[in-house]
Each structure stands twice: as C-alpha cells, then as structure tokens.
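Subject: Structure handover

Dear colleague,

Please find the structure below. My notes on two of its sites follow.

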Amino acid sequence: QVQLVESGGGLVQAGGSLRLSCAASGRTFSDYGMGWFRQAPGKERVFVAGIRWSALSTTYADSVKGRFTISRDNAKNTVYLQMNSLKPEDTAVYYCAATQKRLYSSSNRYAYDYWGQGTQVTVSS
C-alpha cells in the first residue's frame, strides 16, 4: 500500500522551470517503480517520464526529452520531476504513479497501481 501526493505545480512563463514532487507514504517505497503522467482538458492521460525501483534506468516521452528529468530519493520517499524550458503545450495536470511490477512498460498507464490526485502546471506564452 502506498499513498501519493503531488506538489510544486503552478503558473510559469514559457521558457521557465518548475520542480514537481511526489511524496509517498506507506511501506517499501524503494520497491516501487514510479512514473509521471499528464492530462490536458479533453485529452487522454499520457506518459511523461518513468524511473524503475532500482533507479538504474529512466524513460521519457519524446516530447520532454532533454527538458525534463525524473529522479527519486528513497530515503525521503519522494520522486521528482524537474521541468526546464517549459512550453505552453506542457500545460496539464501532472500525476505521479507507482507500481510494484517488475516486468512492465513505463509508458503504459495500466502498469501502475497507485495514483496521486495531481498538480496543475500552466505555462503561459
């Protein structure tokens, strides 16, 4: 069991930066693979970035490669998403998610068992 709470969203001008945090409570956080997804109004929830439980590998959507960085601090039970060079098309509600699966695709939202409530990111032009 794990509970996830996102924070760090807000309003930023294009080209700016934000760092999102996802704080987890529960047991064995280090056993969970973590992901970030986002959802804009009227659109599906889509994959942004993922990090395995071992933190040995990370994956990114093509739209954010080179701009976003996912990381985790197991001692703090927290996963981060550093977002740089933000664009208006990054505007969405951002969600973190967790999975205990070992064989899964990070970009598949159905691989994740736990979800936070989301934090709004708005990028103005």
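A disulfide here is a pair of cysteine sulfur atoms within 2.5 Å. The model is predicted, and by that rule it contains 1 disulfide.

The disulfide

The bond joins cysteine 22 to cysteine 96, with the two sulfur atoms 2.0 Å apart. The torsion about the S-S bond of this pair is about 55 degrees, so the disulfide is right-handed. Cysteine 22 belongs to strand E3, which covers residues 18-26, and cysteine 96 to strand E9, residues 92-99, so the link ties together parts that are 74 residues apart in sequence.

Are the two cysteines buried or exposed? Buried counts as under 20% relative accessible area. Cysteine 22 has a relative accessible area of 0% and is therefore buried. Cysteine 96 is likewise buried, because its relative accessibility is 0%.

Threonine 119

The other site is threonine 119, a residue of strand E11, which spans residues 119-124. Its relative accessibility is 12%, so threonine 119 also counts as buried.

Which residues does threonine 119 touch, leaving aside those up to four places away in sequence? They are Glu6, Ser7, Gly8 and Gly9, together with Leu20, Ala92, Val93 and Tyr94. With glycine 9 there is also a polar approach: a polar atom of the threonine 119 side chain lies 3.2 Å from the backbone nitrogen of glycine 9.

Regards

Definitions and conventions
Residues are numbered from 1 along each chain as its sequence is written. This is a predicted model: local features need pLDDT of at least 70, side-chain atom pairs count only at pLDDT 80 or more; totals for chains, interfaces and linings use all residues. Side-chain values use heavy atoms; hydrogens and water are left out. Helices (H or I, at least four residues) and strands (E, at least two) are DSSP runs, numbered from the N terminus. Buried means under 20% relative accessible area, exposed over 50%, partly exposed in between (1.4 Å probe, protein chains only). A polar contact is a pair of N or O atoms within 3.5 Å; within protein, one must be able to donate a hydrogen and the other to accept it, and residues adjacent in sequence count only if both atoms are side-chain atoms. Contact means heavy atoms within 4.5 Å.
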